[in-house]
Amino acid sequence: MFSRIARPTLCIVNRSLTTSSQNNAKVAVLGASGGIGQPLSLLLKNSPLVGELSLFDIAHTPGVAADLSHIETRAHVTGYMGPDQLNAALKGCDVVVIPAGVPRKPGMTRDDLFNTNATIVATLADAVARNCPEAMICIIANPVNSTIPITSEVMKKYGVYNPNRVFGVTTLDIVRANAFVAELKGLDPARVNVPVIGGHAGKTIIPLISQATPKVEFPADQLSALTARIQDAGTEVVKAKAGAGSATLSMAYAGARFTFSVLDAMNGKEGVVECAYVRSEETECKYFSTPLLLGKHGIEKNLGLGKLSAFEENLVADAIGELKGSIKKGEDFVANMK
């Protein structure tokens with residue numbers, strides 16, 4: 001069922017990062033001056049789905065906005081800077097994308113980012129709850145396994161939580177899986193789709209190679225190595241950048257792809273499927289990434305895990321404990337906020 005619905009949407013529409021339809025959506029990027037935020041904002045500026053682009057950060061946003069405003073596309077760009085302008089940046093937004101936070105450096109895990117990024121995400125979620133509570137919220141800020149529970153708990157405090165509108169953007173894991181499988185099999189990566197479930201860190205990233213389209217098979221040792229590479233791909237980039245940052249360009253691409261899918265679905269396009277880390281009842285974890293059918297109001301249907309191989313079942317079992325811990329960490333953070 002999943003592959004039948006997903007293939008035309010993922011392979012034809014989203015890979016090109018363009019659409020034929022128009023919309024006048026107002027999209028906010030919180031953290032727009034950063035390494036992810038700038039290229040993400042550039043990609044959003046190029047989309048006919050975006051009527052207004054609201055850029056926020058703690059520094060440099062007016063310059064980023066001025067630079068982007070010179071591009072000959074229809075989206076109107078406004079820059080907002082500093083805490084005093086955060087509320088204004090969010091007024092009337094339909095979609096809020098949050099790449100804000102500190103990047104990972106060599107030797108750091110996503111959990112090392114927790115204290116700094118948890119505070120940032122909680123502050124931004126608070127502002128979203130007060131200014132545009134019905135917006136679709138797309139969280140890129142790591143650790144996603146914890147920042148989505150943080151966002152959800154903050155929204156609950158204001159009585160505006162809608163689990164169908166809060167997404168942890170795990171699209172980079174799918175993008176990487178598609179690229180790596182295509183490379184190994186000599187396929188066109190634009191025609192490869194590998195669903196990735198679980199979470200967005202280390203062993204919680206679970207690529208479902210058995211459900212890939214087109215169908216591919218690997219010997220056990222190669223499958224294990226491929227899975228490990230997908231799980232550790234973020235560290236691969238951090239090491240290659242040698243202290244200069246983490247994945248920014250590929251994350252911006254993935255964030256734009258997911259945002260365009262959300263906008264397409266809001267605009268009435270049918271059959272839009274993306275994986276994302278969301279409130280879930282598919283496993284014993286409160287939050288879990290699976291393929292989702294998107295609609296005008298967010299998640300229309302959770303398509304679940306599908307049929308797993310024995311190898312993949314073991315990966316899921318191994319991930320559950322870490323995911324539960326990360327979820328509790330996020331929930332506890334909000335519970336203990338002053």
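This is a guided tour of selected places in the structure shown above.

The model is predicted, so local features need pLDDT of at least 70 and side-chain atom pairs count only at pLDDT 80 or more, while totals for chains, interfaces and linings use all residues. Residues are numbered from 1 along each chain as its sequence is written, and side-chain values use heavy atoms, leaving out hydrogens and water.

**The largest nonpolar core**

Begin by selecting L30, L90, V96 and I150, which touch the most other members among the 48 residues of the largest nonpolar core. Such a core is a set of buried Ala, Val, Leu, Ile, Met, Phe, Trp, Tyr and Cys residues joined through side-chain atoms within 4.5 Å; buried means under 20% relative accessible area, exposed over 50% and partly exposed in between (1.4 Å probe, protein chains only). Elements giving two or more residues to this core include β1 (25-30), α5 (114-131) and α11 (310-335). Helices (H or I, at least four residues) and strands (E, at least two) are DSSP runs, numbered from the N terminus. The largest share, nine residues, comes from α5.

Next, centre on I150. Not counting residues up to four places away in sequence, I150 touches F114, A118, V121, A122, G330, F333 and V334, where contact means heavy atoms within 4.5 Å. Apart from this core lies another, of 41 residues, among them L40, F167, V169 and A247.

**Two helix pairs**

Display α5 and α6, whose axes come within 9 Å and cross at roughly 35°. Axes are lines fitted to C-alpha atoms, for helices over the stretch in contact, and angles run from 0 to 180 degrees between N-to-C directions. Residues of α5 including A125 and V128 meet residues of α6 including T151 and V154.

Then select α7 (residues 171-185) and α10 (residues 249-266), whose axes come within 8 Å and cross at roughly 110°. That makes α7 roughly perpendicular to α10 (65 to 115 degrees; under 35 is roughly parallel, over 145 roughly antiparallel and the rest oblique). On α7 the contact is made by T171, L172, I174, V175 and N178.

**Backbone details in the loops**

Most residues other than glycine have a negative phi, and most peptide bonds are trans. Select N142 and P143, which are joined by a cis peptide bond with omega about -5°; P143 lies in the loop between β5 and α6. Another cis bond joins T213 and P214.

Finish at H60, where phi is near 70°, a positive value. H60 is exposed, with a relative accessible area of 60%.
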